[in-house]
Amino acid sequence: MEIILRVLAQNNTCPVLLHSCKSRLHPGRYLSFLTIIIGISLGPGAQAQPANGLALSGVVYDLQNNPVSDVTIILTSGSGKKSAQTNLRGEFSFSSLAAGSYELLTSHINYQSHAQVVEITSGKATELTIRLTETVQQLDDIVITGKTQTQEVKEQMIRAVVVDTKVAEVQPATLTELMNRTAGVRIRQSGGLGSSSEVSINGFQGRAVRYFKDGIPLDYLGDGYSIATVPLNALERVEIYKGVLPVSLGADALGGAVNMVSKKTTGVAADASYEIASFNTHRLSARGSYAPKNDRWFVGAEAFYNYSDNDYIANVRLGNNVSKDLRMFHNGFESYYAEAFAGIQNRAWADELRISLAAYAIEREQQHPAMMTFPYGKIMGKQRSVIPTLRYKKSAFNKKLHFDQFLVLNTIVRNRIDTAGGSYDWYGNFTRVSGRVGESSQPANSTVNFHHFISRSNIRYHVNDNNELELNVVHMQVKRVGSDPLGPRFLNTTIDVLSVPAYYEKQVVSAGWTLRLFSERLTNNIIGKYYRFGSRGTDAWDAAGANLEDEIVHTGNSFGIGDAIKFQLNDVSSVRVSVEYANRLPEQDELFGNGIWVVPNFKLKPETSLNVNAGYRLAKENITLETNGFYRKTKKLILLIPTQPPFAHYVNLDNVNGYGLETDVMLHNLFRFFTLSGNFTWQSLRMADIDRPQEKWKNETRLRNTPYFFANLGLSANFPKVFFQHDQLKPYIHYNFVREFYMDNIPREMEPDGFLGLFGTAGINKLNLVPNQHLISAGFTYQPLGSHYTFGFEIKNITDSDLYDYYRIQRAGRSFHLKISYQL
């Protein structure tokens, strides 16, 4: 593995993958990192030679041709028994076998047992392919159906879309790409790899959507562990919640959440991957863990690295209505993340006690401001942190009571550097300007420390088979203090605004009652929430004359309630309905400002929203269908608006009413080898209740900068034994369409006349319109001879179409990606 990766890493001028010989990342830099993590992951046992004797190997699949992990394989002969367990790719193997007849038996809680006789003969390799059927066992009058955790999340009363990363982890794909293929979900990015990313869920976006890692709010990890940077093979799955959130998440989300679930630590496991791609892109990841057979303790580590010049070609405006295709020249991104963890488990006083230490560092070049109006050439953003965490789990009273406690205390350091003293043009030429300090209107050389403390406590009590109670408490504190020799000062002083500490805290208390009736055909989950926040700081900035001693204290509290109901119509179909009155508390940067051009506003109030969701789900052996409708009425949206140029602040401003429909369908085992999937989302989100005389015309206009129709179509296949007895080829192709949308509010009469706005084009200036977009990507993964290695190749944006993110930020054109994955 190391030899293969050295060759690829050193050959960073490959004409197919890299468009130029320019490389600001020296090969030795990422090669050293790669050598270390591969060496750790593989260990001495990875290179061991097969023992003497005959061998038996195989792969276990389900009926949808997905590999099944953690299957126990028992091999019995007259001389005794041997056992093995399948890995994440469904593979198993036995060595040192004598020729003869063996009985093979499989065992897995979620699948029916499989038995067969295997004849092992000298001089011939024995390789098996086994397909398992999902378990349905009849015990007296009770039906027990085995389900994976992913299936359970999909089928709970609170609706969640589950992105199963196991299927795509060996593809050269990103998490944002997978999420963009999901009904009702769009990812907003400000550029290429590593750029700032936000999720839009049924029109809720920005701060209205909350992010979690293993059920814990992600605030303490900053940008170090985000949907834009985390590799797929670090995750078990991603849960995307629409509407009501589970009590265990317990956040002040207005209408959605993303929970990234990391891989579990079982036995001996190790994996690593390396991806090389266009625009001098390199992505590495490695993970290893160990737990002994008695499962009393565990230890492990994971790390990933991302780098890209992101110097793709974009169409930029040069002035005087002249535009030209030019290459981005200051758009690079680099990030490191590493975490080591250890713990004990299955003890009388602890089900699990886990301690971890993580660290990350990020450097991000800024090519342009929020819109691609003019270029920057030296502005940089940096971020770093060291993060110790502790998690404790314990069950009691015959596992009726479950307690889960998480604690973290860390400091995130953010830097912004803008000291060039001039300006750049889109060709990369620099012009020094006399008297100018930076490139932007607010030069900076800032260091800002955000001191975080988060406590999350969860208690769940199983009263009986029909009733369950749950309580979740999240407490968060943030202190901001920093310095910027080039930043704003208090009026008539030399005191740095950032040097005066600002404080923020919030608590979210959630309580839930789950009721199951009619042999669990009807499930109801009612949830109540209490929200509280407090802030303390000095409201002073360049255009205001506040006294330095006048500290402002602002607090607020509110309540929310939600109810989610699921009714199982029969064994394969169900309906779900949820209603929620939700709150979203102001964040610390909305209250404090950023000490540059966003100024404080300590009078912000929580956003509120009434959300209603209803849907139908059908899950049969060869087809999965889900369709959902939603309605929302949101008030007191927190928006950033200008005050005195160049300053702006957040205010409670507008209301939004909306409704929409989404449908997702998947056909399995088409012609035995193929899977076809597709989905679409249509949503009408419109401004409401605007009474400002000069802006009343905005009532009933579409929510700006938000797509209202998008669709996906995908076709994948699984071909075993293509070139050899035990290899596997998985080709795939994906198509994504986004209907035109608008960067600002436009009068309703100027919208397209076609049905639901799906045809025609708006009668507005094209610079305010993000046009229809078509994205086609295709690739394949290949696993030769059932080995531990998988090769993935993908061409993204095959047609080299013009693609845009929100605010008409242009995305990359055609690119080529090669990925090599190893799994022990």
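Author: In this text, helices (H or I, at least four residues) and strands (E, at least two) are DSSP runs, numbered from the N terminus. The model is a predicted one: local features need pLDDT of at least 70, side-chain atom pairs count only at pLDDT 80 or more, and totals for chains, interfaces and linings use all residues. Residues are numbered from 1 along each chain as its sequence is written, and side-chain values use heavy atoms, with hydrogens and water left out.

Reader: Where is Glu-520 found?

Author: Glu-520 sits in the loop between S30 and strand S31 (522–538). Its phi is positive, at about 70°, although Glu-520 is not a glycine.

Reader: Why is Glu-520 called partly exposed?

Author: Buried means under 20% relative accessible area and exposed means over 50%, with partly exposed in between (1.4 Å probe, protein chains only). Glu-520 has 48% relative accessibility, so it counts as partly exposed.

Reader: And what makes Asp-70 partly exposed?

Author: Its relative accessibility is 40%, which puts Asp-70 in the partly exposed class. Asp-70 belongs to the loop between strand S1 (54–61) and S2. Asp-70 too is not a glycine, yet has a positive phi, of about 60°.

Reader: Why does Arg-516 count as buried?

Author: Arg-516 has a relative accessibility of 17%, so it falls in the buried class. This residue is part of strand S30 (residues 502–517). In sequence, Arg-516 and Ile-565 are 49 residues apart; in space, C-alpha to C-alpha, they are 10.0 Å apart.

Reader: How do you know that strands S2 and S5 pair?

Author: Two strands pair if DSSP finds at least two bridges between them. Strand S2 (residues 72–77) and strand S5 (residues 100–107) are joined by five bridges and run antiparallel. In one of these pairs, Ile-74 has Leu-105 of S5 as its bridge partner.

Reader: In what order do the strands of that sheet stand?

Author: The order is S3-S2-S5-S6, four strands in an open sheet with antiparallel pairing. Strand S3 (80–85) and strand S6 (115–120) are the edges: each has a single partner strand, so one side of each has no neighbour in the sheet. On average, neighbouring strands here are turned by 25° against each other, direction ignored. That angle (on a scale from 0 to 180 degrees, between N-to-C directions) uses axes that are lines fitted to C-alpha atoms.

Reader: What is the pairing in the open sheet S10-S15-S16-S13-S14?

Author: The pairing in this five-strand sheet is mixed. Its edge strands, S10 (160–163) and S14 (216–217), each pair on one side only. Strand S13 (residues 209–213) and strand S16 (residues 256–262) run in the parallel sense over five bridges, and Val-209 stands opposite Gly-256 in S16.

Reader: What lies between S24 and S25 in their hairpin?

Author: Four residues separate them, and Phe-397 in the turn has a positive phi of about 55°. S24 and strand S25 (residues 401–418) are paired in the antiparallel sense over 15 bridges; there, Met-380 has Ile-417 as its bridge partner. S24 (residues 380–396) also pairs with strand S23 (residues 352–365), again antiparallel, over 14 bridges. Tyr-360 is bridged to Ser-385 of S24.

Reader: What makes S11 largely enclosed?

Author: Four of its five residues are buried, so the rest of the structure largely encloses S11. S11 is joined by five bridges to strand S12 (residues 197–201), running antiparallel, and Ile-187 stands opposite Val-199 in S12.

Reader: How many cavities of 30 Å³ or more does the structure hold?

Author: There are 12. A cavity is a set of points on a 1 Å grid over the protein atoms alone, where a 1.4 Å probe fits but cannot get out; lining residues have an atom within 4 Å of a point. The largest cavity holds about 710 Å³ of space, a volume being the space filled by probe spheres set on the points.

Reader: Which residues lie nearest the centre of the largest cavity?

Author: Of its 39 lining residues, they are Thr-174, Glu-177, Gln-189, Lys-796 and Arg-811. Elements giving two or more residues to this lining include helix H5 (175–180), strand S11 (185–189) and strand S47 (815–823). The lining divides into 11 nonpolar, 19 polar and nine charged residues, where Asp, Glu, Lys and Arg are charged, Ala, Val, Leu, Ile, Met, Phe, Trp, Tyr, Cys and Pro nonpolar, and the others, Gly among them, polar.

Reader: Why is the largest cavity said to lie between domain 2 and domain 3?

Author: Domain 2 (140–262) and domain 3 (268–823) both contribute residues to its lining, so the largest cavity lies between them. The domain bounds come from an automatic or database domain assignment.

Note on methods: On a 1 Å grid over the protein atoms alone, a cavity is a set of points where a 1.4 Å probe fits but cannot get out, and a pocket is an open set with protein on both sides within 12 Å along at least five of seven lines; lining residues have an atom within 4 Å of a point.
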